[in-house]
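Colleague: I have just opened this one and could use a guided tour. Could you walk me through it, starting with the overall picture?

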Amino acid sequence: MIERIEWDDLPGEFRTAVEDRTGTVAAAETVAEGLNCAVALILTTANGTLFLKGVRHSDADGMAALRCEEQINPTVGGISPTIRHRFDAGGWLALAFTCVPGRHADLGPGSADMDAVTLTLQRMQNLPTPGFPIPRLADRLEDFLEPGEAERLAGTCLLHTDTNPHNILINSDADKAYVVDWAMPAIGPAWVDPAYTAVRLMECEQSPTEALAWLDNFTSWREADEQAVRAFVMATCRHWTAAVGEKDAEPSNRRFRRLLAYDWAAATRKSPSRQ
């Protein structure tokens, strides 16, 4: 887990820049979860509560990720919290988001959060393509795709690609889910984010049968090209195996391969019920 920088340890120039916009910071709570930013703080300010996310100028990857989040925020409004302020001072770049009171999503068996999560992911199926370059999913996986597979992963949908429970917030009324951390989006088939999420359901101890049944909520998945899904699954497994080794990759790879057990022939016989 990345080292977190506390509010009081940030440069005075940066803290002054923040308070000039937000009013006095009365309290700053560090958020432990997350991997790609050194500053993750819930700030209680004179003008309300904000979530502050920041990186050092020297962190090239972090800067690129944060700038991507900044650019994509208007496109994902209502699905991700809105950016309220941008700060660039004292060697730090940071974004202040509207703070969503609530908690991370429960993706486990019997979770009451699943309706809200499903609705938000359904809305994500219809997001417009942002007006700045976003990598294609096929390009991201190109080193692990076999000949002819890249074409199967063509698509025009904006994808989040990392719908783990820490990136899904449930509001305090438990009736709405927000997907945060749009640092690694891609363009590809609309069924990809539901597929990634189904794997997360299995990680959270939902059975493969339950996870595959949940995918029935998405027309894009029910109508997916089975060979395209196979290309996605196998390339993802090859990627993870190359990253961590065959033994350590196998638990995750097994969950991805479970996606291939979905019965697309049966799905086409069902009348469409939900998106």
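Modeller: The radius of gyration is taken here over C-alpha atoms, and the rule for a globule is 2.2 Å times the number of residues to the power 0.38. Please keep in mind that this is a predicted model.

Colleague: What does that rule give for 275 residues, and what does the protein have?

Modeller: A compact globule of 275 residues would have a radius of gyration near 19 Å, and the protein has 20 Å, which agrees with the rule. Along its principal axes, the C-alpha trace spans about 60 × 40 × 40 Å.

Colleague: And what is the secondary structure made of?

Modeller: It comes to 11 helices and 10 strands. Among contacts between residues at least 6 apart in sequence, 69% join residues at least 24 apart.

Colleague: What about the charges? How far apart are the mean positions of the positive and negative ones?

Modeller: There are 26 positive and 39 negative charges in the protein, and their mean positions are 4 Å apart.

Colleague: Let's zoom in. Is helix H3 mostly covered or mostly open?

Modeller: Helix H3, which runs over residues 114-124, is mostly covered, since eight of its 11 residues are buried. Those buried residues include Met114, Val117, Leu121 and Met124, and the buried residues of H3 pack against the strands E7, E8 and E9 (177-179) as well as the helices H6 (192-203) and H7 (208-214).

Colleague: Tell me about Met124, then. Why does it count as buried?

Modeller: Met124 counts as buried because its relative accessible area is 2%, which is under the 20% cut-off. Met124 lies in H3 and, leaving aside residues up to four places away in sequence, touches Ile79, Cys157, Leu158, His160, Val179, Trp182 and Asp193.

Colleague: How far is Met124 from Ala28?

Modeller: Met124 and Ala28 are 96 residues apart in sequence, and from C-alpha to C-alpha they are 32 Å apart in space.

Colleague: Switching to loops, where is Asn167, and is it buried or exposed?

Modeller: Asn167 sits in the loop between strand E7 (157-159) and strand E8 (168-171), and it is buried, with a relative accessible area of 6%.

Colleague: Which residues does Asn167 touch, and what lies 2.8 Å from its side chain?

Modeller: Not counting residues up to four places away in sequence, Asn167 touches His160, Asp162, Tyr178, Val179, Val180 and Asp181. A polar atom of the Asn167 side chain lies 2.8 Å from the backbone oxygen of Asp162.

Colleague: Asp181 turns up in that list; what is its phi?

Modeller: Asp181 has a positive phi of about 65 degrees although it is not a glycine. Asp181 is found in the loop between E9 and strand E10 (186-188), and it is buried, with a relative accessible area of 17%.

Colleague: And Glu205, what is its phi, and is it buried or exposed?

Modeller: Glu205 also is not a glycine and has a positive phi, of about 80 degrees. Glu205 is found in the loop between H6 and H7, and it counts as exposed because its relative accessible area is 67%, with the cut-off for exposed being over 50%.

Methods
Residues numbered from 1 in each chain as written. Predicted model: local features only at pLDDT ≥ 70, side-chain atom pairs only at ≥ 80, totals over all residues. Heavy atoms only, no water. Helix = DSSP H or I, 4+ residues; strand = E, 2+ residues; numbered from the N terminus. Buried < 20%, exposed > 50% of the residue type's maximum accessible area, 1.4 Å probe, protein only. Polar contact = N/O pair within 3.5 Å; in protein donor to acceptor, adjacent residues only side chain to side chain. Contact = heavy atoms within 4.5 Å. Lys, Arg positive; Asp, Glu negative; His and termini not counted. Charge placed at Lys NZ, Arg CZ, Asp CG, Glu CD.
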